[in-house]
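Good morning, everyone. Please look at the screen, and I will walk you through this one.

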Amino acid sequence: MSSPAEHTPASAGFIVDDAEAGQKLMNLLERRLSLPQPLLHRWIRTGQVRINGKRCQPFLRISAGDAVRLPPFAGSLSKQAQTASQISQERTARKKQEVRLGAHPGKQDTPQAAPEEAGPLEIIAEDDDYYAIYKPAGLPVHPGTGHADAVTVRLRKFAEKAAFTPTPVHRLDRDTTGILLVAKTYTALRYAHDALRNEHALHKEYLVWVHGLWQKTSPVVLRHYLHKDDVNGREIMVADKKPGHGQEAVLSARLVRHGQNASLLQVRILTGRTHQIRCQLAAVGYPVIGDAKYGQKDTARTLYLHAARLILPDGRSYEALPRWSGAFAAEDMPAPLESDLQG
């Protein structure tokens, strides 16, 4: 890896690192500089950005060792943009804290709550291409309204000197726990995204506790068509059995064991749809325990949905049991679930 000084945007250019190779020029500049696309397009179009001394196109794929020239003022603009982004995130975090404390943000005498500090990341496995992170409940993958802290924020802090900021391959809902795969290089990210587009190539499994006693002892394939709808004033995903009503969602589920009017299921998703597991299981009468959005109001404060296993097409496997306790504890990892796609 190149020295940290080479990755400082204040310079008039840089040498492309191995971890960055394969990206389109526009994507590289966006990652490096955090500047808007129209500005970057203008720099490229007017020849202020050059590759190995030559004029270039925004969608040229760059190679390791390429010399990228930038306008001399690119560094200062980049720093301003990054500072503005940080201030915006801190302001959002303060507003969130004020709401929690019952404060009134508009009053001058209201004490300002300190912004949330980005916490650590728990890395449970690592190889040359990926980190496998154990994502806790309550931590979103990306920052949003009321959530300045996120996995991506922590990754930027964790690898602030790296040429390529480690990037999540996929996403998990905020309250879902478990394995989140993070690419260390652009090549690794592209490989995993290609596998995700071929929906049966990337093997993703979850462990989930549902209300009710699951009746089938062999794997069951659930197939629905999901679309967004407004239900009781809330926008949620709705499962329909009729083709053409939204995007096809397919999963395979197998009973692990029964509890007291509850069942622990092993689920393999065969498509990646928003809230797929929660929506589909609720649609067949087995809502996830702790899921008030798609299920029922209960006393469980934990969403019992956990990303337990991820297997890449080349056979690399990442696993982690959920850290549930008591009657919900899962002590053994089931064997990988094969799916009958004709089911």
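Start with a word we need: a residue is buried when its relative accessible area is under 20%. Take R278. Its relative accessible area is 10%, so R278 counts as buried. Keep that cut-off in mind. One caution before we go on: this is a predicted model.

Now the overview. The protein chain has 343 residues, and 45% of them count as buried. It holds 6 helices and 14 strands. Its accessible surface comes to about 17,600 Å². Carbon and sulfur atoms account for 50% of that surface. What about contacts along the chain? Take those between residues at least 6 apart in sequence: 63% of them join residues at least 24 apart.

Back to R278. Which residue forms a salt bridge with R278? The partner is D173, with the closest N and O atoms 3.2 Å apart. This pair links distant parts of the chain, 105 residues apart. R278 sits in helix α6, residues 276-283. D173 sits in the loop between β6 and β7. Is D173 buried or exposed? Its relative accessibility is 13%, so D173 is buried.

β2 and β3 are joined by 2 bridges, and β3 covers residues 67-69. Look for I51: its bridge partner in β3 is V68.

Where is E20? It lies in the loop between β1 and α1. The relative accessible area of E20 is 1%, so this residue is buried. What does E20 touch beyond its neighbours within four places in sequence? Its contacts include I15, L28 and I62, and also A163, F164 and Y186. R32 is on that list too.

Side chains of opposite charge can pair when their charged atoms come close. The side chains of E20 and R32 meet in a salt bridge, at 2.8 Å from N to O. R32 belongs to helix α1, 12 residues away from E20. Both partners are buried.

How many salt bridges does the structure hold? There are 15. Here is one more of them: R316 with D314, where the closest N and O atoms are 2.8 Å apart. R316 has a relative accessible area of 24%, so it is partly exposed. D314 is partly exposed as well, at 42% relative accessibility. Salt bridges with shared partners join D127, D129, D314 and R316 into one network.

Last stop, a hairpin. Strands β9 and β10 form it, with 2 residues between them. β9 covers residues 220-231, and β10 covers residues 234-240. The two strands run antiparallel, and 7 bridges join them. V231 has R234 as its bridge partner in β10. In the turn, N232 has a positive phi of about 55°.

E20 and R32 are both buried. R278 is buried at 10%, and D173 is buried at 13%. Thank you.

Technical notes:
Residues numbered from 1 in each chain as written. Predicted model: local features only at pLDDT ≥ 70, side-chain atom pairs only at ≥ 80, totals over all residues. Heavy atoms only, no water. Helix = DSSP H or I, 4+ residues; strand = E, 2+ residues; numbered from the N terminus. Buried < 20%, exposed > 50% of the residue type's maximum accessible area, 1.4 Å probe, protein only. Contact = heavy atoms within 4.5 Å. Areas by Shrake-Rupley, 256 points an atom, 1.4 Å probe, with all protein chains shown as cover. Pairing = 2+ DSSP bridges. Salt bridge = Lys/Arg side-chain N within 4 Å of Asp/Glu carboxyl O.
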